[in-house]
Amino acid sequence: MLKIENLHAEIDGKEILKGLSLTVNAGEVHAIMGPNGAGKSTLGYVLGGRPGYEVTAGSVTFNGIDLLELAPHERAAAGLFLGFQYPVEIPGVSNVQFLREALNAQRKGRGEGPLSGAEFLKVARAQAAAIGMDAEMLKRPVNVGFSGGEKKRNEMVQMGILNPKFAILDETDSGLDIDALRAVGDGINRIMRAPDKAVLLITHYQRLLDYVKPDVVHVLAGGRIVKTGGPELALELEAAGYAEVTA
Ligand code: ADP
Ligand code: MG
Ligand code: MG
């Protein structure tokens with residue numbers, strides 16, 4: 001589904017990804033772990049098409065198409081979802097407005113017509129209920145004043161509405177209490193665990209992986225994948241640390 005080969009990418013002339021290769025098949029959840037500054041978020045940004053990141057070598061194909069040739073909104077329309085480590089706050093724009101715009105933009109990219117306000121609200125309320133978010137939060141400005149847990153639940157609502165084929169979730173577990181962590185884990189499983197979908201789960205810690213069982217675990221260090229294994233690799237890393245396991 002996603003094939004990354006020898007990816008090199010730089011920001012402000014500094015090379016961050018240095019020959020990263022990775023293949024994710026449909027139906028799989030891959031965890032990417034690694035020390036601070038390894039390039040994990042950079043990988044997410046490059047896949048999402050964030051401006052400022054320059055790919056200098058290598059290729060990324062998504063269901064056989066050249067992902068790097070697509071503009072960010074085309075990547076979203078193709079079914080790619082990127083969850084950020086630090087969700088943006090958008091004062092003055094209600095959550096429901098924002099989410100409806102996002103969904104209708106995605107539908108437009110697929111040649112589908114927009115949902116009406118009433119149709120959309122039904123979808124949004126169902127997603128809020130599924131993750132245990134108060135439907136009142138749909139009316140509030142996007143993420144403004146939301147707690148860490150509320151932002152991440154809100155991200156799950158967004159992901160549920162957009163129903164992507166491939167989700168890249170960057171430290172979606174950071175700063176969550178146990179209940180929020182379980183809710184987010186359940187949300188990822190409910191929305192993304194399907195034979196025709198896949199997930200790249202970027203995380204520092206093993207704890208989210210107790211809820212979302214990865215099929216494959218990679219260690220990213222120094223801009224490359226330096227080790228790949230099964231779920232046991234995450235436990236090994238937690239016990240021994242990156243330096244020891246990748247030595
Ligand atoms: P991780 O998510 O694994 O902690 P990042 O992808 O955020 O790592 O960062 C990788 C490296 O890129 C870090 O060394 C960071 O300092 C560097 N970096 C990020 N943004 C810039 C920038 N604008 N200019 C120069 N270096 C940057
Ligand atoms: Mg980091
Ligand atoms: Mg990061």
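Because the model is predicted, local features are reported only at pLDDT of at least 70 and side-chain atom pairs only at pLDDT 80 or more, while totals for chains, interfaces and linings use all residues. Residues are numbered from 1 along each chain as its sequence is written, with chains lettered from A and ligands numbered from 1 in the order in which they are written.

Start with the whole protein. It has eight helices and twelve strands; helices (H or I, at least four residues) and strands (E, at least two) are DSSP runs, numbered from the N terminus. The C-alpha trace spans about 55 × 40 × 35 Å along its principal axes. A compact globule of 247 residues would have a radius of gyration near 18 Å, and the protein's 18 Å agrees with that. This radius is taken over C-alpha atoms, and the globule rule is 2.2 Å times the number of residues to the power 0.38. Of the 247 residues, 40% are buried. Here, a residue is buried if 20 or more other C-beta atoms lie within 10 Å of its own, exposed if 12 or fewer, and partly exposed in between, with C-beta atoms placed from the backbone. Among contacts with a separation of 6 or more, 70% are between residues 24 or more positions apart. A contact means that two C-beta atoms, placed from the backbone, lie within 7 Å.

Now for the sheets. Strands of a sheet pair through backbone hydrogen bonds, either parallel or antiparallel. In this account, two strands pair if DSSP finds at least two bridges between them. One open sheet has six strands in the order β6-β9-β10-β3-β11-β12, and its pairing is mixed. At its edges sit β6 (80-83) and β12, each pairing on one side only. From one strand to the next, the twist averages 20°, where axes are lines fitted to C-alpha atoms, for helices over the stretch in contact, and angles run from 0 to 180 degrees between N-to-C directions.

Phenylalanine 81 has alanine 167 as its bridge partner in β9, and leucine 82 has isoleucine 168. Leu80 and Leu82 point one way from β6, Phe81 and Gly83 point the other way, and all are buried. Valine 217 faces glycine 229 in β12. Two residues lie between the strands of this hairpin, where glycine 222 takes a positive phi near 60°.

A second open sheet has four strands in the order β2-β1-β4-β5, with antiparallel pairing. Its edge strands are β2 and β5 (65-66), each pairing on one side only. Within this sheet, eight bridges link β1 (residues 2-11) and β4 (residues 53-62) in the antiparallel sense; histidine 8 has alanine 57 as its bridge partner in β4.

Next comes the ligand site. Around ligand 1 are Ile11, Asp12, Lys14, Ile16, Gly34, Asn36, Gly37, Ala38, Gly39, Lys40, Ser41 and Thr42. A residue joins this shell if its C-beta atom, placed from the backbone, lies within 6 Å of the ligand. By class, the shell has three nonpolar, six polar and three charged residues. Ala, Val, Leu, Ile, Met, Phe, Trp, Tyr, Cys and Pro count as nonpolar, Asp, Glu, Lys and Arg as charged, and the others, Gly among them, as polar. Both β2 (14-24) and α1 supply at least two residues, and α1 gives the most, with three. Helix α1 (residues 40-48) is itself mostly covered, with seven of its nine residues buried; Lys40 and Thr42 are among them. Just after α1, glycine 49 takes a positive phi of about 85°.

Finally, two single residues. Tyrosine 86 lies in the loop between β6 and β7 (90-94) and is partly exposed, because 13 other C-beta atoms lie within 10 Å. Leucine 181, in helix α6 (residues 178-192), also counts as partly exposed, with 19 C-beta neighbours inside 10 Å. Not counting residues up to four places away in sequence, leucine 181 touches Asp173, Leu176, Arg207, Leu208 and Tyr211.
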